[in-house]
Amino acid sequence: MLTLKGLHKRYPDGFVALPSVDLEVPTGQLVALIGPSGAGKSTLIRCINRLVEPTSGSVKLGEQELTTLSRGELRRARRRIAMIFQDYALVDRLTVMENVLSGRLGYVSFWQSWMRRFPQADVDRAFELLETVGLKGLHDRRADALSGGQRQRVGIARALMQQPELLLVDEPTASLDPRTARQVMQLLGDLCKAHNLTAIINIHDVPLARAYTDRIVGLQAGNVVFDGKPQELTDAVLPEIYGGEDWNKDAEGDDATVPAEDDGVAA
Ligand SMILES: Nc1ncnc2c1ncn2[C@@H]1O[C@H](COP(=O)(O)OP(=O)(O)OP(=O)(O)O)[C@@H](O)[C@H]1O
C-alpha cells in the first residue's frame, strides 16, 4: 500500500504545486494520473521518491515513512521504487544488457558497478527480462541503435531489474506512435499483474489511461478532482478535470491504420 497524506509542495519561488494530496493506492493497483499541463502530476510522482522534496505531509510505502528518511536510508528505500521516464533515460553508448543491469546499481558495491561485474544471477535475470519485454537477442545492441518503443522496453526491463514494489512512470508513451504506445501500456499492465506491482502512471493520453489502468486520478491545480474506475471517467466528467483544454487531442489519428514503428514486437 502506498499512502499519501496531506502531501504539500511549495516550490522555492513560493508557487504551491500541491496544496494537500491524500491518496491510498493498494498493492498491485495500476493508477493513471491525468490532468492538464501544470496540474502537478510530475511533482506528485517525484515527491513520492523525493526527486522533488515534499514541503510537508506524509508518504508511506507499506509501513515505511519516506519523507523523514536520511540520505542513506532514502538510497536504500529507493531500491523499492523504480522509475520509468518519457525520454527513457538510457545511456546511449552502453549496450542494452548494460543498461538493464544498471537497474541493479543500488544493490552491488561501487567496485562491482565500476568494473561492471554483476553477479551471474543478475545477468541471468536480465536475459529473462529482455525476453519478457520482447527484446530477446538484442542484448549486445547499443542503446542508441534502438527504436523508441524498444528503448522504452529497455527502460521497463531496467526498472524491473530493481525488483521494486512500486513503479513511478512519467509519460511513458508521450514519445511513441499510437500503436507502439498501446503495446507499451499493455506490457506495463501485464507486468504489474504478473509481479503484483503497484504503479502510478503520469499520462496525457486519456483513452490509453481508460483502456489500460485500474483506476484514474484526475488532478487540477494540484487537487484531486476525480478518483474512480476508468468506466466512471465519462466524457461529461472530463471538463471538470481539464476545464476548456482539449483532452482528446492526443488521441487524434489514434487508429489501427497508423503504422507502429518496427520494434519487432507483435501488437
Ligand atoms: N522548480 C519549480 N519551481 C517553481 N514552480 C515549478 C517548478 N517545477 C514545477 N513548477 C510548477 O508546478 C506546477 C506543476 O508542475 P508539474 O510539472 O508537476 O505539472 P504536470 O501536471 O506534470 O505538467 P505537464 O503535464 O505539463 O508535465 C506548474 O505550474 C509548474 O510551473
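Guide: In the class counts used here, Ala, Val, Leu, Ile, Met, Phe, Trp, Tyr, Cys and Pro are nonpolar, Asp, Glu, Lys and Arg are charged, and the others, Gly among them, are polar. By that scheme the shell around the ligand has 5 nonpolar, 6 polar and 3 charged residues. The model is a predicted one, in which local features need pLDDT of at least 70 and side-chain atom pairs count only at pLDDT 80 or more, while totals for chains, interfaces and linings use all residues. Residues are numbered from 1 along each chain as its sequence is written, and side-chain values use heavy atoms, with hydrogens and water left out.

The ligand is surrounded by 14 residues, a residue being near if one of its heavy atoms lies within 4 Å. Ser-37, Gly-38, Lys-41, Thr-43 and His-204 are the closest. Helix α1 (residues 41-48) contributes the largest share of this shell, 3 residues; helices are DSSP runs (H or I) of at least four residues, numbered from the N terminus.

An N or O atom in the side chain of Thr-43 is 2.5 Å from a ligand oxygen. For His-204, a polar side-chain atom lies 2.8 Å from an oxygen atom of the ligand. Gly-40 takes part through its backbone, a polar atom of which is 2.9 Å from a ligand oxygen. Of the 630 Å² of accessible area that the ligand has on its own, the protein covers 65%, as computed by the Shrake-Rupley method with a 1.4 Å probe.

How values were computed:
A polar contact is a pair of N or O atoms within 3.5 Å; within protein, one must be able to donate a hydrogen and the other to accept it, and residues adjacent in sequence count only if both atoms are side-chain atoms. Helices (H or I, at least four residues) and strands (E, at least two) are DSSP runs, numbered from the N terminus.
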